[in-house]
Amino acid sequence: MEKHVELENIGLLKIVKHHRSKNFRVTIRPFEGLRLSIPKRVSFKDALSFIDERRDWLEKWVARHRTTMDAVEKSSSPHYTDGEKVCRNHRLRLKSWKKSSINVVVRNNFIHVNYSEVSGLDSPEVIEAIQKGIIRALKIEAHLFLPERLAKLADMHGFSYNRLALKNVRSRWGSCSSQNNINLNIHLMRLENKLVDYVLIHELCHTIEKNHSKRFWDLLEKTLPGARALDKMLNRAPRFYF
C-alpha cells in the first residue's frame, strides 16, 4: 500500500508500507523521487505525524541528497542516434551544421535537430535541445490520444470525471484529485497500450475509491482483470528521465 503527499519546500513524497521495513526509512532515488518506507503495522496517519515532527530535518536531508541525485541524473544522459524512435510516433532527425546555434523543429512525426558541428552530438546543450524536442513531440501525441482514450474508457466502464490535465512531471504516471480532476503524464506515450489503459483505468477507479485500499484494488481488478500484474509491469517500465 502507498500514499502520495505534496509537501511545501520538499515536493512529492511517496509513503510506502513495506513488509521488510522495521523502522521509518527515507530514500531519494534518481528519476523516481522521495520515498518514505514504513512498517506495515504503522498507519499513514502516524507516518504524516512523523513527517510533521521531523520537518526541519527532512527539508535539510532532501536538499543535501537531491544535489547528489541531480548530478547522477545528469551523468546518466542518454546517447541519441539519427533515425531513433523516441516516442510512439516520432523519430529523430539529427544533422550537424556550421552555425553555432541549435535549431529544433517538430514536424510530420519527426524531431529535426540541427546542432553545431563544433559542439558535437553528445554535448549537454545538444542533449538538452533533443530532450526539449522529445517533450514537444510527447505533448502533441498525448493531446491527440489521451483525452479521447480516457473518455472512451470512462464511458465503457461507467465512470465519470471532472477535468483532464496533461503534464510533463517526473513523479508519477497519473493522479486523481478529491474533485475528480485527473492528471496524466505525457510520458505515457512512451508505454505500450495495455499499460496506458491500466494507468487511465487506475485513475478512473480513484474517482470512486480515493486511496489504495482493498476496496480500490477489488474495483480495479473487477474493471480490469489482471490489474495487479499490469501494476508490476508498470513499476518495471522506464521512468521519466527528463
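**Exercise 1. Is the crossing of helix 4 and helix 6 left-handed or right-handed? Describe how the pair packs.**

Some ground rules come before the solution. The model is predicted, so local features need pLDDT of at least 70 and side-chain atom pairs count only at pLDDT 80 or more, while totals for chains, interfaces and linings use all residues. Residues are numbered from 1 along each chain as its sequence is written, and side-chain values use heavy atoms, without hydrogens and water.

Solution. 

1. Locate the elements. Helix 4 covers residues 193-205 and helix 6 covers residues 227-235. Helices (H or I, at least four residues) and strands (E, at least two) are DSSP runs, numbered from the N terminus.
2. Two packed helices are described by the angle between their axes and the distance between the axes.
3. Read them off. The angle is about 110 degrees and the axes are 10 Å apart. Axes are lines fitted to C-alpha atoms, for helices over the stretch in contact; angles run from 0 to 180 degrees between N-to-C directions.
4. Classify the angle. Helix 4 is therefore roughly perpendicular to helix 6. The classes are: under 35 degrees roughly parallel, over 145 roughly antiparallel, 65 to 115 roughly perpendicular, the rest oblique.
5. Assign the hand. The crossing of helix 4 and helix 6 is left-handed. That term applies if the near helix is turned anticlockwise from the far one by less than a right angle; clockwise gives right-handed.
6. List the contact (heavy atoms within 4.5 Å). Helix 4 supplies Lys194, Leu195, Tyr198 and Val199; helix 6 supplies Ala227, Leu230, Asp231, Met233 and Leu234.
7. Sort by class. The contact of helix 4 with helix 6 has seven nonpolar, no polar and two charged residues. Here Ala, Val, Leu, Ile, Met, Phe, Trp, Tyr, Cys and Pro count as nonpolar, Asp, Glu, Lys and Arg as charged, and the others, Gly among them, as polar.

**Exercise 2. At what angle do helix 3 and helix 4 pack, and which residues meet?**

Solution. 

1. Helix 3 spans residues 124-157. Its angle to helix 4 is about 60 degrees, with the axes 10 Å apart.
2. So helix 3 is oblique to helix 4.
3. The crossing of helix 3 and helix 4 is right-handed.
4. From helix 3 come Phe145, Leu146, Arg149, Leu150, Leu153, Ala154 and His157. They meet Asn193, Val196, Asp197, Leu200, Ile201 and Leu204 of helix 4.
5. By class, this contact has nine nonpolar, two polar and two charged residues.

**Exercise 3. Where is His206, and what is it in contact with?**

Solution. 

1. His206 sits in the loop between helix 4 and helix 5 (214-223).
2. His206 is buried, at 6% relative accessible area.
3. Set aside neighbours within four places in sequence. His206 then contacts Cys176, Asn180, Asn211, His212 and Phe216.

**Exercise 4. What is phi of Asn108, and of Asn109?**

Solution. 

1. Phi of Asn108 is near 55 degrees, positive in a residue other than glycine.
2. Phi of Asn109 is near 65 degrees, also a positive value in a non-glycine residue.
3. Asn108 lies in the loop between strand 6 (103-107) and strand 7 (110-116). Asn109 lies in the loop between strand 6 and strand 7.
4. Asn108 is exposed at 64% relative accessibility; Asn109 is partly exposed at 41%.

Definitions and conventions
Buried means under 20% relative accessible area, exposed over 50%, partly exposed in between (1.4 Å probe, protein chains only).
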